[in-house]
Amino acid sequence: MSAPQTLATTPGVTVSGTLRTLIGLSWPIVLARATQSVIGFTDALFVAPLGETALAAVTTGSLNSWSAIVMPTGAVFIVQSFVAQLRGRGERAGVFRYALYGLAIAAMAGLLALVSIPFIPSILGLFHYEPGVHAAMTKYLGIRLLSITAAVGIEALGNYYGGMGNTRPSMVAGIVAMSVNVLGCYALVMPRFGLPGYGVSGAAWASVLGSVAGFLTLAVPFGKEALAARRVAPLGLRAKEFFRVLRFGVPNGLNWFLEFAAFIIFINAVVGHLGTRVLAAFNVVMQLNSVAFMPAFGLASGGAILVGETIGKGRKDDVWPLVRMTAMVSAVWMLAVGAVYAVIPRYLMGFFQSGGVTTTELVDVGTKMLMFAVLWQLFDALGMTLSEALRAAGDTTWCMWARIVLAWGIFTPLGWAAVFLFHGGVGTIMTSLVIYMVGLSSALALRFASGRWKSIELVEEPSV
């Protein structure tokens, strides 16, 4: 049974434990996540002709901008968990409020991002960027941070509708954001339509416009629903509920943020130390890898909705078959993409070649990196599936500490030592990533197998 096609919070997919149920719920999320990959890919593709400096600034700047989005985004993902469990319990009256709690988090995140803009040059100055990369990235980030409220707001409303079993709104918002971004890059990066061409700044503005358009796609119909609901009865926002959202959502956000922060330090301090060419090649590989990552994460999120609904129904013993099925589908996808990496790596990297000896060398470096990326695809699929399932159960604090230990206790120092103490190169830094992926997926598997998540009560008591 496929998910509803309207934005109304009507009953969605029921839990049947079948592959058809998972695909019917997940494919809109997969497309929504795929549009995010296209956005990052498009930004890199349109600025590639401007040279390695612009390419490094935009690809690295895009990842750095995610550092302002990742924590609140992880936090609002818990909205899906609450809504799915409440829907499973048959308590639909209170779910509407959780979308508003998510939007409150988005507004706070946007305010903090605005306050941080003047400090961008100083923060980037802590890393060893070449002057041209530092200047271009400062300009790029100063613009991109204007979109934080919209970007997190898309996730808040998307997770609300997803928890209700309606995953298509996220897909529609993603397609709108992607379309506006692509058109914006085409019009603003290079001289076109009488415009002078704004280069790196044009790519940043295209991303901002895309995020705002995607958010409005969800916010306008949601606002109409909110007004209609208020006419029937007061919304009944409750401080206790909001703080409970923060209690489970903040660890999930910190979980994402701390892992991403370790990754950012790895990119800026370790990979960046090897030079602009290696930095640009690494970030191109990460953009290509997002083509595999985002759909697999969409599948994991679809599985998490089913897990949350199943827990809400009090059928925790039925969770494992759902997780196993989701992991198998995700693994098939990731392994297929890994096979493409292995067969045509130079062709994929060639999209980012603008001509000349230096970009030919960039393709050579990126091709070597893609060979290592093949190795972590299966473990990445397993890790995402298990992490999302544990999040659906409310087991966010343990996952946070697991990533702190692995990302900051093993991955970051291992990568730093490999380059600065043992003077390793491309193969060494990519091996560090593979070790981290294997360790994380193994830790999450042990946690899920322990069954301790079954004792967590995300929704404390029935709504009244």
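"Buried" here means under 20% relative accessible area, while exposed means over 50% and partly exposed is in between, with a 1.4 Å probe and protein chains only. A helix is a DSSP run of H or I with at least four residues, a strand is a run of E with at least two, and both are numbered from the N terminus.

Before I go on, a word on where this comes from. This is a predicted model, where local features need pLDDT of at least 70 and side-chain atom pairs count only at pLDDT 80 or more, while totals for chains, interfaces and linings use all residues. Residues are numbered from 1 along each chain as its sequence is written, and side-chain values use heavy atoms, leaving out hydrogens and water.

Now try α11, residues 319-343. Its 25 residues should span 36 Å, and its end C-alpha atoms are 37 Å apart, which agrees. The buried residues of α11 include Leu-322, Val-323, Met-325, Thr-326, Ser-330, Met-334 and Tyr-341. An α-helix has 3.6 residues a turn, so residues three or four places apart point the same way.

Let's zoom out. How many helices and strands does the chain have? There are 15 helices and 0 strands. The radius of gyration, taken over C-alpha atoms, is 21 Å, close to the 23 Å from the globule rule for 464 residues, so the chain is as compact as a globular protein of that length. That rule is 2.2 Å times the number of residues to the power 0.38. Along its principal axes, the C-alpha trace spans about 65 × 50 × 40 Å, and buried residues make up 59% of the 464.

Contacts next, meaning heavy atoms within 4.5 Å. Of the contacts with a separation of 6 or more, 84% are between residues 24 or more positions apart.

Here's one pair to find on the screen. Arg-391 sits in helix α13, residues 357-392, and Thr-396 is in helix α14, residues 396-421. Is Arg-391 buried or exposed? Its relative accessibility is 1%, so Arg-391 counts as buried. Thr-396 is buried too, with a relative accessible area of 1%. Not counting residues up to four places away in sequence, Arg-391 touches Thr-396, and among its other partners are Ile-78 and Asn-252. Thr-396, counted that way, touches Ile-78, Phe-248, Pro-251, Asn-252 and Arg-391.

Tyr-129 lies in the loop between α4 (120-124) and α5, and Tyr-129 is buried, at 12%. Its C-alpha atom is 9.1 Å from that of Ala-269, 140 residues apart along the chain. Leaving aside neighbours within four places in sequence, Tyr-129 has contacts including His-134 and Met-137.

Phe-193 is in the loop between α7 (168-188) and α8 (199-232). At 65% relative accessibility, Phe-193 counts as exposed. Phe-193 also has a positive phi of about 55°, although it is not a glycine.

Key. The expected span of a helix is 1.5 Å times one less than its number of residues.
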